[in-house]
Amino acid sequence: QVQLVESGGGSVQAGGSLRLDCVASGRTFVGNCMGWFRQAPGKEREFVAAIDWTGGTTYYADPVKGRFTIARDNAQNTVFLHMDRLRQEDTAVYYCAAKTKGFFFAVSSNKDEYEYWGPGTHVTVSS
């Protein structure tokens with residue numbers, strides 16, 4: 001059974017930092033692009049960041065560029081999202097996802113290309 005499980009969410013004040021981890025089990029995603037998405041209350045799920053299979057190419061949504069960093073450890077089948085200078089508008093449920101469609105090894109912001117998803121972890125940023 002393939003599983004992605006996120007951890008590291010919580011409550012933080014604006015300007016603070018958090019690190020989210022996503023551990024995959026049941027299969028390896030070493031050759032796949034991995035991504036982070038988020039969904040705020042009443043809004044659609046949106047792209048946050050993606051990293052290609054080598055870890056050498058990353059892609060960020062404009063609202064998080066320069067504040068968030070995505071990384072991966074293929075030996076541990078784990079993907080990370082370092083979030084700095086958090087803002088209230090970053091409050092959302094954050095989801096880890098594995099891309100298996102299209103050019104599965106390349107970065108993409110299209111959530112329809114991601115087949116496997118974690119259950120999500122809550123991030124709340126207060127003023």
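View 1. At a relative accessibility of 15%, Val93 counts as buried, where buried means under 20% relative accessible area, exposed means over 50% and partly exposed lies in between, with a 1.4 Å probe and protein chains only. The model is predicted, so local features need pLDDT of at least 70 and side-chain atom pairs count only at pLDDT 80 or more, whereas totals for chains, interfaces and linings use all residues. Residues are numbered from 1 along each chain as its sequence is written, and side-chain values use heavy atoms, with hydrogens and water left out. Val93 belongs to strand S9, residues 92-99; strands (E, at least two residues) and helices (H or I, at least four) are DSSP runs, numbered from the N terminus. When neighbours within four places in sequence are set aside, Val93 is in contact (heavy atoms within 4.5 Å) with Phe37, Arg38, Gln39, Gly120, Thr121 and His122. The C-alpha atoms of Val93 and Trp117 are 12 Å apart in space, and these residues are 24 apart in sequence.

**View 2. Cys96, also placed in strand S9.** Cys96 has 0% relative accessibility and therefore counts as buried. Apart from neighbours within four places in sequence, its contacts are Leu4, Glu6, Cys22, Met34, Gly35, Trp36, Tyr116, Trp117 and Gly118. One of these, Gly35, is 61 residues away in sequence, yet the C-alpha atoms of Gly35 and Cys96 are 5.8 Å apart.

**View 3. An open sheet of four strands.** The strands follow the order S1-S3-S8-S7 with antiparallel pairing, two strands being paired if DSSP finds at least two bridges between them. Strand S1 (3-7) and strand S7 (68-73) are the edge strands, each pairing on one side only. From one strand to the next the twist averages 15°, with axes taken as lines fitted to C-alpha atoms (for helices, over the stretch in contact) and angles running from 0 to 180 degrees between N-to-C directions. Antiparallel strands S7 and S8 are joined by six bridges, and Phe68 has Met83 in S8 as its bridge partner.

View 4. Asn77 counts as buried at 18% relative accessibility. With a relative accessible area of 49%, Arg85 is partly exposed.

**View 5. The largest cavity and its lining.** The structure holds one cavity of 30 Å³ or more; on a 1 Å grid over the protein atoms alone, a cavity is a set of points where a 1.4 Å probe fits but cannot get out, and lining residues have an atom within 4 Å of a point. The largest cavity has a volume of about 60 Å³, a volume being the space filled by probe spheres set on the points, which are joined across faces, edges and corners. Its lining consists of Cys22, Ala24, Phe29, Val30, Met34, Arg72, Asn74, Asn77, Thr78 and Val79. Strand S3 (18-25) and strand S8 (78-83) each supply at least two of the lining residues. By class, the lining has six nonpolar, three polar and one charged residues, where Ala, Val, Leu, Ile, Met, Phe, Trp, Tyr, Cys and Pro count as nonpolar, Asp, Glu, Lys and Arg as charged, and the others, Gly among them, as polar.

Methods
On a 1 Å grid over the protein atoms alone, a cavity is a set of points where a 1.4 Å probe fits but cannot get out, and a pocket is an open set with protein on both sides within 12 Å along at least five of seven lines; lining residues have an atom within 4 Å of a point.
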